[in-house]
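Student: I would like to learn how to read the features of a model such as this one. Where do we start?

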Amino acid sequence: MSTAPARRGRPGYDLESLLQVAVKLFNERGYDGTSMEDLSRKLGITKSAIYHHVPSKEELLRLAVDRALDGLFEVADETTALEGPAIDRLTHLVRGSVLVLADRLPFVTLLLRVRGNTKIERAALARRREFDHLVADLVKQAESEGDVRPDLDPAVAARLLFGTVNSLIEWYRPRRDSPAEDLADAVCKMAFEGLRA
């Protein structure tokens with residue numbers, strides 16, 4: 001029976017665990033307020049060990065915001081492929097977006113906090129605007145089909161709708177006894193059926 005030699009030094013980090021810690025720090029301190037030195041201290045490894053996985057702090061930011069955006073655009077692609085009334089596709093998009101937010105909460109939180117200070121942030125904001133246009137277009141289609149009030153500006157309705165979804169980052173914390181699907185159902189009921197009994 002052969003045994004593997006014991007590892008020396010601290011256990012290593014793979015890119016995924018490194019990214020998780022970086023996103024946590026970015027959310028706590030802000031991207032600009034987090035240095036690679038801060039990250040290396042938090043991880044208990046050298047900066048050169050971090051650079052083994054990524055060339056820069058900017059690359060960590062890109063990977064993080066892309067994780068959130070890729071999830072949202074996967075739902076958007078599903079929505080675009082669906083047939084049927086626009087209101088049903090819009091409901092699918094809202095529900096799916098809540099599930100992405102719940103599944104990728106730290107990444108979506110970071111995405112919603114970027115302000116356009118770097119090239120990567122500006123690219124993320126451009127992709128967010130593309131997503132916003134998709135939502136507004138669905139609202140317009142639902143309005144033209146008679147399923148959304150005609151007295152609401154579709155762009156405003158889309159922003160209010162996703163303002164509700166995006167506000168979840170401020171208070172939602174995943175719990176075993178409360179599945180994300182229940183939250184998605186609640187958001188859709190509020191958005192599409194309202195509060196009145």
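Tutor: Start with contacts: two residues are in contact when they have heavy atoms within 4.5 Å. The model here is predicted. Among contacts in the protein chain between residues at least 6 apart in sequence, 69% join residues at least 24 apart.

Student: What pattern does the protein chain follow along the sequence?

Tutor: The pattern is α-α-α-α-α-α-α-α-α. That comes to nine helices and zero strands. The C-alpha atoms fill a box of roughly 70 × 45 × 30 Å along the principal axes.

Student: What percentage of the 197 residues is buried?

Tutor: A residue counts as buried under 20% relative accessible area. In the protein chain, 41% of the 197 residues are buried. The chain exposes about 11800 Å², and carbon and sulfur atoms supply 52% of that area.

Student: How do I check the span of a helix, taking α7 as the case?

Tutor: The expected span is 1.5 Å times one less than the number of residues. For the 26 residues of α7 that gives 38 Å, and the end C-alpha atoms are 38 Å apart, which agrees. After α7 comes Gly-146, with a positive phi near 85°.

Student: Which residues of α7 are buried, and what do they pack against?

Tutor: An α-helix has 3.6 residues a turn, so residues three or four places apart point the same way. In α7 the buried residues include Ile-120, Glu-121, Ala-124, Leu-125, Phe-131, Val-135, Leu-138, Val-139 and Ala-142. The buried residues of α7 pack against α4, α5, α6 and α8.

Student: How much space lies in the largest pocket, and which residues are closest to its centre?

Tutor: The largest pocket holds about 480 Å³ of space. Its lining has 15 residues, and Leu-152, Ala-157, Leu-161, Ala-191 and Phe-192 are the closest to the centre. Helices α5 (86–103), α8 (154–171) and α9 (180–193) each give two or more residues to this lining. By class, the lining has twelve nonpolar, one polar and two charged residues.

Student: Which elements give two or more residues to the lining of the second largest pocket?

Tutor: The second largest pocket has about 350 Å³ of space. Of its 21 lining residues, Arg-128, Phe-131, Asp-132, Phe-162 and Asn-166 lie nearest the centre. The elements are α4 (57–81), α5, α6 (105–113), α7 (119–144) and α8. This lining has 13 nonpolar, four polar and four charged residues. Phe-131, one of the residues nearest the centre, is also among the buried residues of α7.

Notes. Residues are numbered from 1 along each chain as its sequence is written. This is a predicted model: local features need pLDDT of at least 70, side-chain atom pairs count only at pLDDT 80 or more; totals for chains, interfaces and linings use all residues. Side-chain values use heavy atoms; hydrogens and water are left out. On a 1 Å grid over the protein atoms alone, a cavity is a set of points where a 1.4 Å probe fits but cannot get out, and a pocket is an open set with protein on both sides within 12 Å along at least five of seven lines; lining residues have an atom within 4 Å of a point. Grid points are joined across faces, edges and corners, and a volume is the space filled by probe spheres set on the points. Helices (H or I, at least four residues) and strands (E, at least two) are DSSP runs, numbered from the N terminus. Ala, Val, Leu, Ile, Met, Phe, Trp, Tyr, Cys and Pro count as nonpolar, Asp, Glu, Lys and Arg as charged, and the others, Gly among them, as polar. Buried means under 20% relative accessible area, exposed over 50%, partly exposed in between (1.4 Å probe, protein chains only). Accessible areas come from the Shrake-Rupley method with a 1.4 Å probe; for residues, only the protein chains shown count as cover.
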